[in-house]
Amino acid sequence: MVWWFSVPKIVFGDDALSELELIQGKKAIIITDKIVNGLGLAERVSDILCEKQWSTAIWDGVVSDPKVSTVKEAAEAMKQFGPDWIIAIGGGSAMDTAKAAWALYEKPGVQLEALTPFDILGLRVKARLVCIPTTAGTGSEATKAIVIRDDETGRKFATINPELVPDIAILDPSFVVGLPKELTAYTGLDALVHATEGYISVWKNDFSDGCSLEAVKMVFKWLPVSVADLTNLEAREKMLVAACLAGMSFGNSQVALAHSLGHSMGSVLRLHHGLSVGMALPYTIEFNCTNNNQCASQYAELARMIGITLKDGVKASLKFAEAIRDLMGVVGSPRSFSEAGVKKKDFKAGLEKLVEFAMMDSSLTMNPRNTDSNEIRKIYEYMYDGKVIDF
Ligand SMILES: NC(=O)c1ccc[n+]([C@@H]2O[C@H](COP(=O)([O-])OP(=O)(O)OC[C@H]3O[C@@H](n4cnc5c(N)ncnc54)[C@H](O)[C@@H]3O)[C@@H](O)[C@H]2O)c1
Ligand SMILES: [Fe+2]
């Protein structure tokens, strides 16, 4: 069997943005959202390119949890402008919009939801892609994944294709420094979930393992510092690296149950992605380690990275889940639906949709423990009140 480990060229450090001076081309379209554009970040990039006599366009129509229609609008802007470089500046929503629109720009007939890892798209004939993350979380700058929302059903779907790995990822902490406290916490937890799920996914491998171990250690060390001092550039840079490492991990191994639950929470209750998957993670650890020594020992290996040295795999896994809840307490991220302010009646009204969408999510197939809709419903119910999983 052949395996691939695909990552972009990753540029980091004080002067990372100077990479833009080296790329060869003539026309770049910047894909971003209005908030990020308002911070002047697109202009900073555009100025560097205009110095080289490039022409640039800024399209700032990205919305959080982008829909297929958002992607089509971005692709239309690309078609009108005809760029040879696409530059995504923003969080996962901007990067995923750019990646998906790039596929449509090059291959207008592509059906995003039907995309598989085995399709030959033939990208990079018209343009190449640079991603500059402004959140330290999704790792989309390093992955072959896109997460898009269906316009009609509102369901978020995740698809992967190896050609969607960006060409260049530029990690510049000054692009993240404006991120508010709550989003710093939520997006940082997303990185922790990627690192953890990349390590227990059934597609895990030696390369993804290395990235996960370092990323877990870094998130526990640097996320509290980032949240406590939003202007700490060292912490911002370390979290960008941790998120990118976690992206390199799960991008080459995939995510699991916490993402199935979390995508569904984003679709049905419109909760932020990082808040959702972060909330789900400890419950999924408790669920997965039960009667599964192999998975329990994998969580125990991650737990060792943060100083949990219990020999028994299940005990170490449960302690790891507890440590994650403690971290969430420190950074101020909700650990249950009730803490997130979801009203019981809204939860009850949405529960069947939550279960249905979670069961349809592609990440479920990578989870080490098989599950069904009854167990998923029960996990969500435990998550409402913050009860430790005991089944
Ligand atoms: N493709 C992948 O590999 C992958 C992985 C994980 C998540 N995702 C997807 O990414 C999306 C979430 O991305 P996200 O968590 O980065 O959030 P986001 O991109 O939706 O941004 C959240 C909010 O933060 C604002 N923001 C972003 N950067 C800022 C900055 N520097 N300063 C101030 N405000 C800023 C945005 O304008 C937006 O309002 C979800 O759709 C999720 O499913 C994709
Ligand atoms: Fe995620």
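**Note on a predicted model with one ligand site**

Trp102 is found in helix H4, where helices (H or I, at least four residues) and strands (E, at least two) are DSSP runs numbered from the N terminus. This is a predicted model in which local features need pLDDT of at least 70 and side-chain atom pairs count only at pLDDT 80 or more, while totals for chains, interfaces and linings use all residues. Residues are numbered from 1 along each chain as its sequence is written, chains are lettered from A and ligands numbered from 1 in the order in which they are written, and side-chain values use heavy atoms, with hydrogens and water left out.

1. **Surroundings of Trp102.** Trp102 counts as buried because its relative accessibility is 0%; buried means under 20% relative accessible area, exposed over 50%, and partly exposed in between (1.4 Å probe, protein chains only). Not counting residues up to four places away in sequence, Trp102 touches Met78, Ile86, Leu123, Arg124, Ala127, Arg128, Leu129, Glu163, Leu164, Val165 and Asp167, contact meaning heavy atoms within 4.5 Å.

2. Most residues other than glycine have a negative phi. Arg124, one of the residues touched by Trp102, has a positive phi near 75°. Arg124 is found in the loop between H4 and strand E5 (128–133), and its relative accessibility of 32% is why it counts as partly exposed. Arg270 also has a positive phi, of about 55°, although it is not a glycine. The loop that holds Arg270 runs between H8 and helix H9 (273–289), and Arg270 counts as partly exposed because its relative accessibility is 41%.

3. **Ligand 1: composition of the shell.** Ligand 1 is surrounded by 30 residues, the closest being Asp65, Ser93, Thr134, Thr135 and Thr143; a residue is near a molecule if one of its heavy atoms lies within 4 Å of it. At least two residues of this shell come from each of helix H1 (34–38), helix H4 (92–106), strand E6 (145–149) and H5. H5 gives the largest share, 4 residues. By class, the shell has 11 nonpolar, 14 polar and 5 charged residues; Ala, Val, Leu, Ile, Met, Phe, Trp, Tyr, Cys and Pro count as nonpolar, Asp, Glu, Lys and Arg as charged, and the others, Gly among them, as polar.

4. The side chain of Asp33 has an N or O atom 2.8 Å from an oxygen atom of ligand 1. In the side chain of Thr134, an N or O atom is 2.7 Å from a nitrogen atom of the ligand. Gly178 takes part through a backbone N or O atom, 3.4 Å from a nitrogen atom of ligand 1. Of the 870 Å² of accessible area that ligand 1 has on its own, the protein covers 94% (Shrake-Rupley method, 1.4 Å probe).

5. His194 belongs to helix H5 (residues 181–200) and counts as buried because its relative accessibility is 2%. The side chains of His194 and Asp190 make a polar contact at 2.9 Å. Leaving aside neighbours within four places in sequence, His194 is in contact with Gly137, Thr138, Ala246, Phe250, Val255, His259 and His273. Thr196 is also placed in helix H5 and is buried, with a relative accessible area of 0%. With residues up to four places away in sequence not counted, Thr196 touches Val216, Leu281, Ile285, Tyr299, Leu302 and Phe320.

6. **Packing of H5 with H8.** The axes of H5 and helix H8 (residues 257–268) come within 9 Å and cross at roughly 145°; axes are lines fitted to C-alpha atoms, for helices over the stretch in contact, and angles run from 0 to 180 degrees between N-to-C directions. Asp190, Val193, His194 and Glu197 of H5 make the contact with Leu257, Ala258 and His259 of H8. These residues divide into 3 nonpolar, 2 polar and 2 charged.

How values were computed: A polar contact is a pair of N or O atoms within 3.5 Å; within protein, one must be able to donate a hydrogen and the other to accept it, and residues adjacent in sequence count only if both atoms are side-chain atoms.
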